[in-house]
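Please read this short briefing beside the sequence and the structure.

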Amino acid sequence: MNAHLSIELMKCPSIARTLADWVTEYGPLVTLRQGSDVIVVIGRVDAATEIMEKEGAVLVDRPHSVAAGELLSRGMRILLQSGGKQFRQQRKILHTYLGPKAVESYRHVQFDSARNVIVDVLNDPRHHQEHAKRYAASVVLRVTYGKSTPTSFDDPEFVRIRQALAHFQIVMRPGAHLVDRIPLLKYIPGYGSRIKLWHQFELKLYREQLDRVKREMVTDEGHGSKSLAKALLENADEHRLSTDEMAYFAGTMFGAGTDTTGIGISTMIMAAACHSEAQARVQEELDMVVGMGRIPTWEDSEALPQLHAFIWEALRWRPIIPIGFLHRASSDVIWRDQCIPAGATVLGCHWAISRDPVAFPEPERFNPQRWFDKDGQLRRQVYSYTYGFGRRICPGQNLANQSLYINLALLLWSFRIAQRPDAPIDTDKFMDAILAHAAPFEVNFLPRMEESRLREMMEKSSTSRL
């Protein structure tokens, strides 16, 4: 199908859902044309696997972005870099510090922060979405900078982090800036001044964080704490990154991780409240494996397949990044007699892929049991591509998966989460942006034991044995 990409697409209530509707009508590959530019939308699991995964080397590049890549990021944001030498070097660094084995060393931080979420919910259940965001900020700040979490929603540093993320969301929305279609606009004096100010804002934030780590290394205030920023500084000669490149490299990592993890936790809370039967199945499993005499630990993970299936289904049901990120084909890709031409922009639409009726029968139904095979084993070979594709897959996925596991385990062990009769949840009310923040919603957190005992267990539990 060939369609003209018009301004109307950018104005529609949901870009991701509109693209998914087109995939349903026209097929797994939808070709859009905007002048001489070609954009190919991929919206089914088999097409994503055979194109985005198997042809990953051809699709590792990103299309050039003026607003987000040049004006906001000055070419230093790894998410938007082309698939060249600098990208490969930085991905290698991230794999070293965020690989499956490496992230196990952060489990004590994640456990302590997840415990704090339970106490925060007991103290202030209305702001559970803020608690999820603060959890994510806590963990990612510690991993990136060796620093503890902001202590409140109004903490100046937490506010600045959220402002930087909001700026990024605005700039990244497809079609938001004319300069991405008419690059010459960037040479007009004064054009993009707001975005340039946002660049200065986030670069100042990132420099300050890196400078603090540098000072602590000199004065030993960090007491040997491990962090990505510290590793970058210690190996600066090997990595050959400038100071600003290191600041941006670390800063954009903690920015991206804060938003996505917080959204994931809030999505699980929404899913639990709206699907009590699925929640009860996980709690039955928790009661059998863990019981109520101790808190769930990392060692329980393999014995909790229902919990993992719930996480996977929640991420499929309401993808964190519904539209997905753009790729660029460096050469022609042939798929089932169709050609994706070299230079085309390729978009794996997460929302459309997660609605594939072949891979996920009754896709609008929340059904964690779809992730089990006929023998009751988790079907690990089935993907909804939550974390992206090929060589551009999210480098923080291992850390994110650990965060989602420990938070859901503690939340559903501690509470029965229920919709409030006076405040039904609109499960379709999400921000139409690159990252899908849910509109504020309220739920009831009903402790599964006496509240004072739950609070005591969370406040006094030790991570030394975890």
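A residue is called buried under 20% relative accessible area, exposed over 50%, and partly exposed in between, with a 1.4 Å probe and protein chains only. This is a predicted model, in which local features need pLDDT of at least 70 and side-chain atom pairs count only at pLDDT 80 or more, while totals for chains, interfaces and linings use all residues. Residues are numbered from 1 along each chain as its sequence is written, and side-chain values use heavy atoms, with hydrogens and water left out.

**Residue I78**
- I78 lies in the loop between α4 (66-72) and α5 (85-98); helices (H or I, at least four residues) and strands (E, at least two) are DSSP runs, numbered from the N terminus.
- I78 has a relative accessible area of 6%, so it counts as buried.
- Leaving aside residues up to four places away in sequence, I78 touches F87, Q90, R91, L94, F249, M253 and R392, where contact means heavy atoms within 4.5 Å.

**Strand β7**
- In β7 (residues 345-348), T345 and L347 point one way, V346 and G348 point the other way, and all are buried.
- In a regular strand, side chains alternate between the two faces of the sheet.
- Strand β3 (residues 37-42) runs parallel to β7 and is joined to it by 4 bridges; strands pair if DSSP finds at least two bridges between them.
- V346 is the bridge partner of V40.
- Strand β4 (residues 326-328) runs antiparallel to β7, with 3 bridges.
- T345 is the bridge partner of R328.
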